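Dear colleague,

I am passing on a structure that I have been going through, and I would be glad if you could look it over beside the notes that follow. The notes begin with a definition and then go through the findings one region after another.

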Amino acid sequence: MIIKLAYKNIIGAGFRTWLNIFILSLAYFGIISLQGFFIGWKDDASREIQEWDIGGGQYWQQNYDPYDPFSYEDSHAPIPKELVNEIEREEAIPILLAPATIYPDGRMRSIILKGINPAQKLLKIPTKYISENDNQLECIIGKRMADNLKLQQGDFVTVRWRDKHGAFDAVDVRIVHIFETTVLTVENNQIWIPLNTLQNMLGLPGEASIIVVKSEDFAPELADWERKDINFLLQDLNSMIQAKTIGSSIMYLLLLFLAMIAIFDTQILAIFRRRKEMGTMMALGMSRSKIIRLFTLEGSLHAILAILLGAIYGIPLLKHFQKVGMNIGVDAAEFGLSGLENALYPVYGWKLVVGTIILVLITTTIVSFLPTRKIAKLKPTDALRGKMTK
């Protein structure tokens, strides 16, 4: 009965009720849609980075530090015997790194030479285009690097490197393929060549700098090598998304704050204008606690009806974004966002939806309850005369 009465009261308030419901529905929609975009971004970027770069984890030679290019020359060691069988079963691939310099059209650019098995299928890098040709060194490069240096497929570029003894050498390398990827860590200033060829160039047969493994569960301890799991390798991405999520929380709080102000104001106004009604209910035997529950329920019903209104326009919009994505209007790579297409595809899980509904419902109920505390002190005689008991 009290629910029916509360529903009639808020519907009877007319435009003010629907305005509050609409603002609350915007809070639902804003929180769910923005969080969905961040979850979708994280899922897409993580998947792309795993498929192109890190697989199920990596072993790093103990001297290797990806943030210190000067460590690359010393970051090599014989491939561990424990991984030989994994490599033969294509469950792992060794990669050798070497700092080098290229001279496209007379310009100079520092790059990283990366040696990889051309027959590998563990990563999506299209290594099938390169071959171990004794007469000609072949390589593949990323599209952004090719565009930046104005290089095209079939072009030759001079590469200079230092072997393990520190002696300089140089050779012309032919670009046999230019690939596109959203993962910057396999493209920026990098040239991919056959592993055996790079090992011979450096005088480091049978050695590698990084070993990518397929299985996340394969993690034996190896001397001189450090196992890096996926959580470690994705921590930069996760930290960046977490920072963006915290920043966007300001917008959630603003939306929620506006909605709560509207609810609070409505409750204050209702208690002020309905004093005689409260006095009548008390005279008819309704307790103060039941009247407080009635007014609190009226406030909470705004949040419940907002769920229905938000669903009417929110579900079609969210499904539309999920299908076609939302174009961010710029090249994500220009902002250093790895693994991100030019469109964001949101992901909406039940935890996100249910969590948002519970958050808004609890907040609305608390805000609805606060103004009703005055009713606890209200005397029926004062209420019938239209006064508030001090």
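A salt bridge, as the term is used here, is a side-chain nitrogen of Lys or Arg within 4 Å of a carboxyl oxygen of Asp or Glu. By that criterion the structure holds eight salt bridges, and one of them joins R89 to E86, with the closest N and O atoms 2.5 Å apart.

Before going further, please keep in mind that this is a predicted model, in which local features need pLDDT of at least 70 and side-chain atom pairs count only at pLDDT 80 or more, while totals for chains, interfaces and linings use all residues. Residues are numbered from 1 along each chain as its sequence is written, and side-chain values use heavy atoms, with hydrogens and water left out.

Helices here are DSSP runs of H or I with at least four residues, and strands are runs of E with at least two, numbered from the N terminus. In the salt bridge between K228 and E226, the distance is 3.3 Å from N to O; here K228 is buried at 14% relative accessibility, whereas E226 is partly exposed at 33%.

Helix 10 takes up much of the remaining notes. This helix, residues 350-369, has 20 residues and reaches 28 Å from its first C-alpha to its last, close to the 28 Å expected at 1.5 Å a residue, the expected span being 1.5 Å times one less than the number of residues. Its buried residues are L352, T356, V360, T364, V367 and S368. Why do they lie on the same side of helix 10? They cover an arc of only 115° around the axis, and this places them on the same side of the helix, the arc being that of the directions from the helix axis to the C-beta atoms. The cover over these buried residues includes helix 2 (15-54), helix 7 (235-273) and helix 9 (288-324), while the face turned away from the buried side carries the exposed residues W350 and K351.

A nonpolar surface patch of about 840 Å² is made by F264, I268, W350, V354, I358, I362, I366, F369 and L370. Patches are made of residues with over 30% relative accessible area and no salt bridge, with like charges joined within 9 Å and nonpolar side chains (Val, Leu, Ile, Met, Phe, Trp, Tyr) within 5 Å; the areas come from the Shrake-Rupley method with a 1.4 Å probe, and for residues only the protein chains shown count as cover. Helix 7 and helix 10 each supply at least two residues of this patch, and the largest share, six residues, comes from helix 10. F369, found in helix 10, is partly exposed, with a relative accessible area of 38%.

Two backbone angles deserve a look. Most residues other than glycine have a negative phi, and most peptide bonds are trans. E90, in the loop between helix 3 (84-88) and strand 3, has a positive phi of about 60° although it is not a glycine, and E90 is partly exposed at 45%. K150 also has a positive phi of about 60° without being a glycine; this residue is placed in the loop between helix 4 (143-149) and strand 6 (156-162) and is exposed at 65% relative accessibility.

Finally, T101 is found in strand 3 (residues 92-102) and is buried at 12% relative accessibility. Leaving aside neighbours within four places in sequence, T101 is in contact (heavy atoms within 4.5 Å) with M108, R109, S110, I111, T158, V159 and R160.

With best wishes

Key: Buried < 20%, exposed > 50% of the residue type's maximum accessible area, 1.4 Å probe, protein only.
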